[in-house]
Amino acid sequence: GHYCAADTGDPIACAAGKYNPSTGKTVIGDCLACPPGKYCATTGRATPTNDCDEGYFCEGGNSEAAPPANICPRGNYCE
């Protein structure tokens, strides 16, 4: 859930909506967008938090289980 920039010993947390499952990473680009269908609610995640709520769709990089902009359209099924 973190990376350490060059010449520092202080870990920097990946932002909400991102995660980092690996150790020894050194740049912000090592933080991965949460995958589609999942969300990463807090900073410093090593794994996604959980699946997004039914009735919503998560395209990737989400930090909420029920993103208000991604409500499943009427007549469709979203997990």
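Colleague: Let's start with Asn-70: in which segment is it found?

Modeller: Keep in mind that this is a predicted model. Asn-70 is found in the segment after strand S6, which covers 50-51. Its relative accessibility is 11%, so Asn-70 counts as buried, the cut-off being under 20%. A polar atom of the Asn-70 side chain lies 3.0 Å from the backbone oxygen of Phe-57. Phe-57 is also one of the residues Asn-70 touches, and leaving aside residues up to four places away in sequence, the list is Gly-55, Tyr-56, Phe-57, Cys-58, Glu-59 and Asn-62.

Staying in the segment after S6, you'll come across Ala-65. Ala-65 is buried too, with a relative accessible area of 16%. Again not counting residues up to four places away in sequence, Ala-65 touches Tyr-39, Cys-52, Asp-53, Tyr-56 and Cys-58.

A search of the whole structure finds 3 disulfides. Another of them joins Cys-14 to Cys-31, with 2.1 Å from S to S. This pair links distant parts of the chain, 17 residues apart: Cys-14 sits in the loop between strand S2 (12-13) and strand S3 (18-19), while Cys-31 is in the loop between S3 and strand S4 (32-33). The link of Cys-14 and Cys-31 is left-handed, with -80° about the S-S bond. Cys-14 is buried at 0% relative accessibility, and Cys-31 is buried at 6%.

Then there's the disulfide between Cys-34 and Cys-40, at 2.0 Å from S to S. That link is right-handed, with 80° about the S-S bond. Cys-34 counts as buried at 1% relative accessibility, and Cys-40 is buried at 0%.

That leaves Cys-4 to look at. The closest cysteine sulfur to that of Cys-4 is in Cys-14, 11 Å away, which is too far for a bond. Cys-4 counts as partly exposed, because its relative accessibility is 28%.

Conventions:
Residues are numbered from 1 along each chain as its sequence is written. This is a predicted model: local features need pLDDT of at least 70, side-chain atom pairs count only at pLDDT 80 or more; totals for chains, interfaces and linings use all residues. Side-chain values use heavy atoms; hydrogens and water are left out. Helices (H or I, at least four residues) and strands (E, at least two) are DSSP runs, numbered from the N terminus. Buried means under 20% relative accessible area, exposed over 50%, partly exposed in between (1.4 Å probe, protein chains only). A polar contact is a pair of N or O atoms within 3.5 Å; within protein, one must be able to donate a hydrogen and the other to accept it, and residues adjacent in sequence count only if both atoms are side-chain atoms. Contact means heavy atoms within 4.5 Å. A disulfide is a pair of cysteine sulfur atoms within 2.5 Å.
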